[in-house]
Amino acid sequence: MQGLDAMAKPETTIFLLATLHGEGVTYQAIAKEIGVTYMSVFRWSKGLSTPRPILPVNTHLARLLGENRANQAVSSGVAR
């Protein structure tokens, strides 16, 4: 149950967005994938606002992070 609690925190949103952005995923791409505006994602990343509802958004961000890392591994030839 602790995992779900962590996924429902604004700090998790900020961490996931920073990680995705640090791995080269633009806020615009994240916004398009989630179906929100660029400014919403930008405000979430800075802690200026919180996604509502937060749990599904953070779950989606975590899935995007996993997909991004899998794609990077395939592109770099790690997953053969």
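Leaving aside its neighbours within four places in sequence, Leu 20 is in contact (heavy atoms within 4.5 Å) with Val 25, Ile 30, Leu 61, Leu 64, Leu 65 and Asn 68. The model you see is predicted, so local features need pLDDT of at least 70 and side-chain atom pairs count only at pLDDT 80 or more, while totals for chains, interfaces and linings use all residues. Residues are numbered from 1 along each chain as its sequence is written, and side-chain values use heavy atoms, with hydrogens and water left out.

Leu 20 belongs to helix α2; helices here are DSSP runs (H or I, at least four residues), numbered from the N terminus. With a relative accessible area of 1%, Leu 20 is buried, a word that stands for under 20% relative accessible area with a 1.4 Å probe, protein chains only. Look too at Leu 65: its C-alpha atom is separated by 6.0 Å from that of Leu 20, although the two are 45 residues apart along the chain.

Now step back to the helices themselves. Helix α2 (residues 10-22) packs against helix α5 (residues 54-75) at an angle of about 25°, and their axes are 10 Å apart. That angle makes α2 roughly parallel to α5, since angles under 35 degrees count as roughly parallel, over 145 as roughly antiparallel, 65 to 115 as roughly perpendicular and the rest as oblique. Axes are lines fitted to C-alpha atoms, for helices over the stretch in contact, and angles run from 0 to 180 degrees between N-to-C directions. On the α2 side, the residues that meet α5 include Pro 10, Leu 16 and Leu 20, and their partners in α5 include Ile 54, Leu 61 and Leu 65. By class, this contact of α2 with α5 has nine nonpolar, five polar and one charged residues.

Helix α3 (residues 27-34) also meets α5: their axes come within 11 Å and cross at roughly 120°. The two helices are therefore oblique to each other. Ile 30, Glu 33 and Ile 34 of α3 make the contact with Val 57, His 60, Leu 61, Arg 63 and Leu 64 of α5.

Our last stop is Ser 40, found in helix α4 (residues 38-46). Is Ser 40 buried or exposed? At 16% relative accessibility, Ser 40 counts as buried. Its side chain makes a polar contact with the side chain of Thr 37, at 3.1 Å. A polar contact is a pair of N or O atoms within 3.5 Å; within protein, one must be able to donate a hydrogen and the other to accept it, and residues adjacent in sequence count only if both atoms are side-chain atoms.

Methods:
Nonpolar A, V, L, I, M, F, W, Y, C, P; charged D, E, K, R; others polar. Buried < 20%, exposed > 50% of the residue type's maximum accessible area, 1.4 Å probe, protein only.
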